[in-house]
Amino acid sequence: MRAGSRGFIVSALAVPVILYCVLVVSPYAQSFYISMTDWNGLSPERNFVGLANYTRLVKDGVFWTSLWHNVIAVVVIPVGTLTLGLFFATMIRVGRYRARGGTLNVRGGAFYRVAYFFPHVLSIAVIGVLFANVYDPTPSGLLNGLLGVAGIDPVNWLGDKSTAYAAILAVIVWMSVGFYVVLFTSSMSAIPVELFEAARLDGATRWQTFWRLTLPLIWDTVQVAGVYLGIHALDMFAIVNVMSAAGGSGGPDNATQVLGNYLYLTAFSDSEFGYATAVGVALLLLTLLFAWVSLRLTRRERIEY
Amino acid sequence: MSLNAPSAPAVDERNPLPRDTPGDLKRPAAGPASDRTLRGTVLNVFTHGILLTWAAMVVLPLAWAVLSSFKTSDEVLANPWSLPATPRWENFVEAWTTAEIGRYFVNTAVVVTLGSALTLSMGALVAYVIARYSFRGNRAVYYLFVLGMTFPTFLAIVPLFFIARGLGLADSLIGLAIIYSVYSLPFAVFFLTAYFRTLPAALAEAAFIDGCGHWGTFLRIMLPVARPGLVSVGIFVVLGQWNQYLLPLILQSSPDNYVLTQGLANLAVSQGYAGNWSALFAGLTISILPVLVVYLSFQRQIQAGMVAGALK
């Protein structure tokens with residue numbers, strides 16, 4: 001070690017580590033204790049109530065509804081996004097492989113990738129406000145306006161319990177697909193052209209080529225993408241808070257409620273900070289469970305090529 | 001067409017290529033050239049049809065918002081696709097000034113610029129020290145930061161709200177930038193540590209021999225060399241902070257300090273009640289267009305940077 005390195009290490013780490021401990025580590029650490037108090041945030045005293053918040057959680061119907069909605073999102077968003085992403089990436093990537101005998105991109109492939117990717121760089125809040133209007137219950141909304149042209153009566157997408165949550169999930173899939181199209185086209189372009197050529201000479205159909213050649217070779221990327229999407233699907237806060245009825249209530253009648261939004265409402269509308277933090281701990285457990293399950297499921301079997 | 005062909009025949013598990021393809025084998029080889037071209041054309045039309053449909057589904061809502069931003073509120077309510085009688089540029093003035101989108105926009109620019117600059121400078125410093133210096137507690141510091149990536153921010157917001165108020169960081173633009181930067185830090189440290197490890201150790205050695213101090217080596221040699229890594233991480237950090245919604249929602253209580261995301265969401269609720277649709281759509285357009293311009297100018301770098309990050 002060189003002269004003065006100790007001084008350098010200390011001076012380099014001091015500010016970031018202190019800021020990080022005060023603003024990130026300490027809130028996380030405190031939250032476990034706060035979740036075992038009856039703190040309402042207004043009075044300075046907080047009474048230790050043990051696991052009372054957690055027993056209340058187990059009996060709380062809204063909590064279970066929110067949890068169920070989170071679980072639905074964790075399944076539907078990755079499956080929907082990956083299916084569409086793989087489909088469009090294949091279309092762009094191997095669309096002309098028969099006609100040209102190679103894996104050239106389809107004409108205009110660059111345009112499609114640029115267009116598809118764009119929603120990914122917009123903020124979820126902006127997209128939420130936009131789609132709240134797209135889903136407007138009157139024919140002045142974009143979707144009901146288009147349905148009106150086809151002679152279908154307007155649907156109250158976000159106001160009807162049976163459609164509200166599906167409408168919100170569709171928006172997340174809509175904005176996510178583009179990123180995965182770009183990701184999958186670039187990992188497909190790493191597959192040597194000779195393999196597609198060989199499959200073509202063997203007379204493999206496009207369908208067979210996709211299932212037996214392309215998909216196994218990019219399976220690693222698909223798995224990582226699924227875990228990414230699943231972790232993001234555990235959030236859902238911004239989109240539900242912006243799009244759900246009556247200014248982020250998670251309504252109608254908790255039909256779109258998710259844990260993040262329930263936590264936010266419990267803390268900052270009802271001032272039940274102790275109970276809200278218990279919801280946060282439940283969300284952490286769900287995250288850890290998801291991470292554990294996905295680690296178990298995604299075995300690393302890399303195919304060399 | 002081959003898309004409707006019967007499903008694949010038996011395949012060796014370890015070898016993903018089909019071993020025998022009875023029937024299929026002859027078709028492409030035996031078909032005359034003109035037949036193949038025709039099939040290629042049909043396929044192309046089909047492919048483009050599907051790809052264009054999704055492109056339309058992406059572009060239509062955005063184009064509709066831009067179109068609506070030029071209409072009067074009555075025109076917005078009349079028909080989603082009618083053109084405005086006269087394009088109302090004053091909608092944008094109204095959104096920018098009366099609806100305060102301008103203020104939110106400037107606030108966001110200030111917070112994100114400061115926040116991502118802080119993230120990158122602290123992240124690079126911490127990552128460099130972790131990657132290049134061996135000292136007791138090196139691993140502990142690394143895992144302290146990396147663990148922060150696995151915890152959901154929701155768990156922290158209640159205590160954070162009170163800590164930030166106590167330190168005077170709540171409801172302040174600089175405070176928000178500092179809080180953004182520490183919450184982006186785990187990601188930056190994780191990726192930049194990996195990046196600094198890939199840089200040759202001989203570089204720093206040479207700098208030391210030439211008489212550079214520790215800070216000089218870091219600032220004048222290692223940082224410029226690490227530029228590609230910093231750009232990649234920077235794109236993620238800027239986008240993440242620009243899009244942040246949860247933290248400003250709990251921390252920025254006075255409308256003067258709102259950032260764009262929460263200001264727009266707030267506008268959507270209040271203008272909805274007031275029936276002022278034209279200002280809302282103008283506000284939406286103001287939030288979308290600058291991002292579109294930046295995106296179109298840098299889309300190659302943005303896509304490459306984000307995809308490289310995801311593949312690591």
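Start with where the two chains meet: 105 residues of chain B are in contact with 104 residues of chain A, contact being heavy atoms within 4.5 Å. Together the chains bury about 9400 Å², and 78% of that lies on carbon and sulfur atoms. Buried area here is the accessible area (1.4 Å probe) that two parts lose on being put together, summed over both. Trp54(B), Phe154(B) and Leu155(B) supply 8% of the area that chain B buries against chain A, more than any other three residues.

Before going on, some housekeeping. This is a predicted model, in which local features need pLDDT of at least 70 and side-chain atom pairs count only at pLDDT 80 or more, while totals for chains, interfaces and linings use all residues. Residues are numbered from 1 along each chain as its sequence is written, chains are lettered from A and ligands numbered from 1 in the order in which they are written, and side-chain values use heavy atoms, with hydrogens and water left out.

Back to the interface. What does the count of salt bridges between chain B and chain A come to? It is zero, where a salt bridge would be a side-chain nitrogen of Lys or Arg within 4 Å of a carboxyl oxygen of Asp or Glu. Polar contacts do turn up: 11 residue pairs between chain B and chain A, both residues at pLDDT 80 or more. (A polar contact is a pair of N or O atoms within 3.5 Å; within protein, one must be able to donate a hydrogen and the other to accept it, and residues adjacent in sequence count only if both atoms are side-chain atoms.) On the side of chain B that touches chain A, helix α2 (residues 33-68) of chain B gives the largest share, 19 residues. That side divides into 84 nonpolar, 18 polar and three charged residues; Ala, Val, Leu, Ile, Met, Phe, Trp, Tyr, Cys and Pro count as nonpolar, Asp, Glu, Lys and Arg as charged, and the others, Gly among them, as polar.

A polar atom of the Asn243(B) side chain lies 3.2 Å from the backbone nitrogen of Ser123(A). Leaving out residues up to four places away in sequence, Asn243(B) touches Val121(A), Leu122(A), Ser123(A) and Thr261(B). Asn243(B) counts as buried because its relative accessibility is 18%; buried means under 20% relative accessible area, exposed over 50%, partly exposed in between (1.4 Å probe, protein chains only).

Now the chains themselves. Chain B has 14 helices and zero strands, and chain A has 14 helices and zero strands too. Helices (H or I, at least four residues) and strands (E, at least two) are DSSP runs, numbered from the N terminus. Buried residues make up 51% of the 312 residues in chain B, and 56% of the 305 residues of chain A. Among contacts between residues at least 6 apart in sequence, 67% join residues at least 24 apart in chain B, with 65% for chain A.

Met236(A) is not a glycine, yet its phi is positive, near 65 degrees. Met236(A) sits in the loop between α10 (206-233) and α11 (237-243) of chain A and, at 5% relative accessibility, counts as buried. Asp171(B), also not a glycine, has a positive phi of about 55 degrees. Its place is the loop between α7 (154-167) and α8 (173-198) of chain B, and Asp171(B) is partly exposed, at 24% relative accessible area.
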